[in-house]
Amino acid sequence: MSEKGMILVIDDEPAVCESLSQLLEMEGYRTGVAHDVESGLKRFGQSAFDLVLLDMSLPERSQGLHVLRTIKQESPETPVILITAF
């Protein structure tokens with residue numbers, strides 16, 4: 001199985017992170033996970049991710065938008081897909 005790219009999953013629900021990570025890895029992607037804003041931004045700054053899956057409903061509703069803005073300022077070319085269970 002060839003590696004297709006690196007995807008960062010940022011979601012405050014560990015089960016969501018684990019499920020997405022497992023599914024993506026089965027398809028040949030490498031993944032990183034973060035369960036909060038601080039660790040998500042730290043992970044993003046430490047590695048070159050090809051895509052970010054970002055929970056819009058992180059604690060304190062504006063946090064998802066804060067992460068999106070920060071990622072786009074640091075790496076405008078990185079695609080971000082907004083996800084939510086709501």
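Trainee: Which residues does Ile71 touch, not counting residues up to four places away in sequence?
Mentor: This is a predicted model, where local features need pLDDT of at least 70, side-chain atom pairs count only at pLDDT 80 or more, and totals for chains, interfaces and linings use all residues. Residues are numbered from 1 along each chain as its sequence is written, and side-chain values use heavy atoms, with hydrogens and water left out. Contact means heavy atoms within 4.5 Å. On that basis Ile71 touches Leu41, Phe44, Val52, Pro76 and Val80.

Trainee: Is Ile71 buried or exposed?
Mentor: Ile71 is found in helix 3; helices are DSSP runs (H or I, at least four residues), strands likewise (E, at least two), numbered from the N terminus. Buried means under 20% relative accessible area, exposed over 50%, partly exposed in between (1.4 Å probe, protein chains only). Ile71 has 0% relative accessibility, so it counts as buried.

Trainee: How do helix 2 and helix 3 pack?
Mentor: Two packed helices are described by the angle between their axes and the distance between the axes. Axes are lines fitted to C-alpha atoms, for helices over the stretch in contact, with angles from 0 to 180 degrees between N-to-C directions. Helix 2 (residues 37–46) and helix 3 (residues 63–74) pack at about 15 degrees, with axes 11 Å apart. Angles under 35 degrees count as roughly parallel, over 145 as roughly antiparallel, 65 to 115 as roughly perpendicular and the rest as oblique, so helix 2 is roughly parallel to helix 3.

Trainee: Which residues of helix 2 make the contact?
Mentor: Helix 3 brings Gln63, His66, Val67, Thr70, Ile71 and Glu74. The helix 2 side is Val37, Leu41 and Phe44.

Trainee: Which residue forms an aromatic pair with Phe44?
Mentor: The structure holds one aromatic pair. Rings of Phe, Tyr and Trp (its six-membered ring) pair if their centres lie within 6.5 Å; planes under 30 degrees apart count as stacked, over 60 as edge-to-face and the rest as tilted. Here the centres are 6.4 Å apart and the planes 15 degrees, a stacked pair. Both rings belong to buried residues, and the partner of Phe44 is Phe49.

Trainee: Where does Pro79 lie, and what is its relative accessible area?
Mentor: Pro79 lies in the loop between helix 3 and strand 4 (80–83). Pro79 touches Asp50, Leu51, Val52 and Lys72, not counting residues up to four places away in sequence. Pro79 is partly exposed, with a relative accessible area of 39%.
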